[in-house]
Amino acid sequence: VERYSQGVIIRSHTLREYNAFLWNLGEKKSLTKLASEYVKRKGSCRILDVGCGNAEALREVKQHVGSVVHTMGIDLLPLNDSHMLDEFIQGDVHGVPFPSDCDIIVSFRALHEMDHFATLFPTIANALAPGGRAYLWIRMREENEGSVSFVGEMNAREEKYVQGLLSLPSDFHGCRILVEPVRMERGTHPYVGGYVVLLMRP
């Protein structure tokens with residue numbers, strides 16, 4: 001909590017930034033376009049942001065698509081404006097109830113500050129509605145003055161769990177799972193800077 005309150009953790013998340021994350025994950029559609037397609041197909045769309053910060057991105061999606069989009073967020077700190085989301089859950093992800101039947105789940109800037117992926121990832125998978133997708137980006141390492149080290153709460157145990165997902169059969173708690181390491185070429189030696197994870201429930 002202290003790092004959040006001191007501004008060490010980025011809490012301003014814009015839609016433009018989220019669309020860039022989606023593009024880097026291999027999704028060529030914007031978050032607004034994805035939400036619109038769910039609305040066209042189902043009449044509504046439920047979006048959850050795990051580590052939502054101040055929730056600017058989801059507010060922008062709702063402004064573009066309309067009130068049929070139900071926006072939800074989980075974060076350790078309170079929102080600056082309680083009207084930013086339709087539903088906000090404050091607390092540690094391991095100690096709060098997750099919303100259910102989510103069409104889209106995103107987490108782009110927070111997972112490296114969480115741990116116990118062996119518990120968290122099944123929770124995310126089980127929160128997806130039929131046809132739902134989760135787009136996740138995990139920062140794992142960074143280089144600082146020529147030295148590469150784990151970031152946030154990441155460690156060898158968490159990376160081993162993520163690496164284990166690479167060899168899983170396609171079914172993960174009823175979802176298809178795709179995991180890709182992100183290799184960094186900067187500095188003297190290449191290293192794995194993070195992992196992209198996509199969960200898709202049929």
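A125 touches F172, H173, C175, L199 and R201, leaving out residues up to four places away in sequence; contact here means heavy atoms within 4.5 Å. The model is a predicted one, in which local features need pLDDT of at least 70, side-chain atom pairs count only at pLDDT 80 or more, and totals for chains, interfaces and linings use all residues. Residues are numbered from 1 along each chain as its sequence is written, and side-chain values use heavy atoms, with hydrogens and water left out.

A125 lies in helix α5, residues 117–126. Helices (H or I, at least four residues) and strands (E, at least two) are DSSP runs, numbered from the N terminus. With a relative accessible area of 0%, A125 is buried; the term buried means under 20% relative accessible area, exposed means over 50%, and partly exposed lies in between, for a 1.4 Å probe and protein chains only. In space, A125 and C102 are 9.7 Å apart from C-alpha to C-alpha, and 23 residues separate them in sequence. The buried residues of α5 are F117, L120, F121, P122, I124 and A125. These buried residues pack against β4, β5 (128–139), α6, β8, β9 and β10 (191–200).

## Helix α6 and V162

Helix α6 covers residues 156–166, and E158, E159, V162 and L165 are buried in it. These four lie on the same side of α6, because they cover an arc of only 110° around the axis; the arc is that of the directions from the helix axis to the C-beta atoms. On the other side of α6, A156 and K160 are exposed.

V162, a residue of helix α6, counts as buried at 0% relative accessibility. Apart from neighbours within four places in sequence, V162 is in contact with F117, I138, V179 and Y195. F117 is also one of the buried residues of α5. V162 and E180 are 18 residues apart in sequence, and their C-alpha atoms are 9.7 Å apart in space.

## T71 in strand β2

T71 has its place in strand β2, which comprises residues 69–75. The residue is buried, and its relative accessible area is 0%. Not counting residues up to four places away in sequence, T71 touches I47, L58, K62, M84, L85, D86 and E87.

## Loop residues

D101 has a phi of about 55° and is found in the loop between β3 (87–90) and β4 (102–107). With a relative accessible area of 46%, D101 is partly exposed. For H173, phi is near 50°; this residue lies in the loop between β8 (171–172) and β9 (175–184). H173 is partly exposed as well, with a relative accessible area of 40%, and H173 is among the residues that A125 touches.

A further loop residue, E113, is placed between β4 and α5. E113 counts as buried at 15% relative accessibility. E113 and I89 are 24 residues apart in sequence and 17 Å apart in space, C-alpha to C-alpha.

## The chain as a whole

The chain contains six helices and 10 strands. Its C-alpha trace spans about 50 × 40 × 30 Å along the principal axes. For 202 residues, a compact globule would have a radius of gyration near 17 Å, and the 17 Å of the chain agrees with this. The radius of gyration is taken over C-alpha atoms, and the globule rule is 2.2 Å times the number of residues to the power 0.38.

Of the 202 residues, 49% count as buried. Among contacts between residues at least 6 apart in sequence, 64% join residues at least 24 apart.

## Surface and charge

The accessible surface of the chain comes to about 10000 Å², and 49% of this surface belongs to carbon and sulfur atoms. Accessible areas come from the Shrake-Rupley method with a 1.4 Å probe; for residues, only the protein chains shown count as cover.

The chain has 22 positive and 25 negative charges, and their mean positions are 7 Å apart. Lys and Arg count as positive and Asp and Glu as negative, while His and the chain ends are not counted. The place of a charge is taken as NZ of Lys, CZ of Arg, CG of Asp or CD of Glu.
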